[in-house]
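Student: Can we go through this structure together? I want to know how the strands are put together.
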Amino acid sequence: MRSNANPRALVVRHDAVSRSVQFNEKLIAFAKHWGFRPRACAPYRARTKGKTENGVGYVKKNAIAGHSFTSWEAFEAHLAKWEREVANVRIHGTTGEAPIVRFERDEAHRLKLLGGRPAFGSLRELARVVGNDCAVEIDTNSYSVPWQLIGERVAVTVAAGEVRIRHGVREVAVHKQSQGRRLRVVDSTHLAGVTGRDGAVYRQQIATAPTVPSSQPSLLRPLVEYEAAIGGSF
């Protein structure tokens, strides 16, 4: 059975009503590295999703079916020749013109040069526990996260020169990947409300409530005062 849903390898969540989309972290990193913006087809919409799948079927039936190849190189050479002599010069049933003509007129000038940009490289997904210094360690370097996450387990994605950190489904920090060793990369907003910003992070001490005569019940400060003293809840 053919599925009309967005592939999970690219789209984590796509609300068909609100059209809000959550892309896979790998796709986001890949798109940022190569300078493009991904768009998700609406699920179960033949005008977009269906047309994409029809193109795959056309290649399978017209270019591949009934052929055999002695090597991968031979297969690639066959596809290149078929694309050049058949697919690109036929009159397309929807647009009414040859794909190569439409490409050269509407799309070729929009392409960008790679400019010597290095390959995307391998993406790494890691799990870390936030230390008392309000950071996670990756390749000997430490990267800050909001101090309220001290002791929490977070997911880390390292790709395309960036370190992206998530707590649950929420992205809580994004840093440029350090090329040095044993360096501390800090976003100052992560330390708002705490002391010791240049070293270990400690929560502010809260003064104890004043003593009262034993004939009166002890009074506790409102919780909002404690929360304000340590910078608020996360």
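Tutor: First a definition: two strands pair if DSSP finds at least two bridges between them. Helices (H or I, at least four residues) and strands (E, at least two) are DSSP runs, numbered from the N terminus. This is a predicted model, where local features need pLDDT of at least 70, side-chain atom pairs count only at pLDDT 80 or more, and totals for chains, interfaces and linings use all residues. Residues are numbered from 1 along each chain as its sequence is written, and side-chain values use heavy atoms, with hydrogens and water left out.

Student: How many bridges join strand 6 to strand 7?
Tutor: Five, and the two strands run antiparallel. Val158 stands opposite Val163 in strand 7.

Student: What lies between strand 6 and strand 7?
Tutor: Two residues, in a hairpin; Ala160 in the turn has a positive phi of about 50 degrees.

Student: And strand 3, how many bridges join that to strand 6?
Tutor: Six, and strand 3 (residues 124–129) also runs antiparallel to strand 6. Glu125 stands opposite Thr157 there.

Student: How many residues of strand 6 are buried?
Tutor: Five of its seven, where buried means under 20% relative accessible area and exposed over 50%, with partly exposed in between (1.4 Å probe, protein chains only).

Student: New topic. Which residues of helix 3 are buried?
Tutor: Phe75, Trp82 and Ala87, in a helix that covers residues 72–87. They span an arc of only 55 degrees around the axis, so they lie on the same side of helix 3. That arc is taken from the directions from the helix axis to the C-beta atoms.

Student: What does the face turned away carry?
Tutor: The exposed residues Glu73 and Arg84.
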